[in-house]
Amino acid sequence: MVGDISDELRARREGENGHRSMPHTADTRLQAWGTTREQCLAEAVRAMVEAFADVSEAHPATMERVRLAPGDDADLLVALLEEVVYRLEVAGRIPVDVEAEPTYDGGLAVRLSLADLADVTVIGAAPKGVSWQELHIGPDAYGWSCTVIVDV
């Protein structure tokens with residue numbers, strides 16, 4: 001995670017992927033960036049997780065593959081984050097690592113390494129959903145970036 005906007009700009013100029021979260025009224029605003037769309041999407045997952053849990057010492061208990069149907073970039077971002085919320089609410093599992101790759105048809109193939117929520121330190125309110133308000137994802141001068149508000 002990057003500390004301030006000048007750190008983010010330096011990191012992006014050097015081709016680094018990253019993310020940050022900021023409080024937003026009763027929600028959390030996530031920003032993520034990457035050299036590719038897929039790296040940006042993976043960083044958005046990391047940002048959402050780190051906004052409410054410390055997974056630095058957690059080890060994955062299982063790995064799940066998710067295939068997201070083709071859609072525009074905003075649809076893929078929301079669908080991916082909703083997959084994380086679903087696993088958290090239904091199975092009590094949280095990603096400690098994520099990898100995303102494009103599929104031949106414009107979809108997304110994602111690998112989630114999951115730990116049990118009981119094995120991580122919860123530091124904030126868990127996400128409940130993803131808002132379409134103020135959502136942005138797209139290419140920019142340094143690769144890709146996205147902004148999304150997560151309901152907590």
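Predicted model: local features only at pLDDT ≥ 70, side-chain atom pairs only at ≥ 80, totals over all residues.
Helix α2, which covers residues 37-50, packs against helix α3, which covers residues 73-91. The angle between the two is about 35 degrees, and their axes lie 10 Å apart. The crossing of α2 past α3 is right-handed. On the α2 side, the contact is made by R37, L41, A44, V45 and M48. These residues meet D73, L76, L77, L80, L81, V84 and V85 of α3. Sorted by class, the contact of α2 with α3 contains ten nonpolar and two charged residues, with no polar ones.

The largest cavity holds about 40 Å³ of space. Its lining consists of T28, L30, M48, A51, F52, A125, P127, V150 and V152. By class, eight of the lining residues are nonpolar and one is polar, while none is charged. M48 is listed both in the contact of α2 with α3 and in the lining of the largest cavity.

The backbone at E134 was also examined. This residue belongs to strand β8, which spans residues 129-140. Most residues other than glycine have a negative phi. At E134, however, phi is positive, with a value near 60 degrees. The relative accessibility of E134 is 41%, and E134 is therefore classed as partly exposed, since this class lies between the limits of 20% for buried and 50% for exposed residues.

Technical notes
Residues numbered from 1 in each chain as written. Heavy atoms only, no water. Axes fitted to C-alpha atoms, helices over the stretch in contact; angles between N-to-C directions. Helix = DSSP H or I, 4+ residues; strand = E, 2+ residues; numbered from the N terminus. Left-handed = near helix turned anticlockwise from the far one by under 90°. Contact = heavy atoms within 4.5 Å. Nonpolar A, V, L, I, M, F, W, Y, C, P; charged D, E, K, R; others polar. 1 Å grid on protein atoms, 1.4 Å probe; cavity = no way out; pocket = protein on both sides within 12 Å on 5 of 7 lines; lining within 4 Å. Points joined across faces, edges and corners; volume = space filled by probe spheres on them. Buried < 20%, exposed > 50% of the residue type's maximum accessible area, 1.4 Å probe, protein only.
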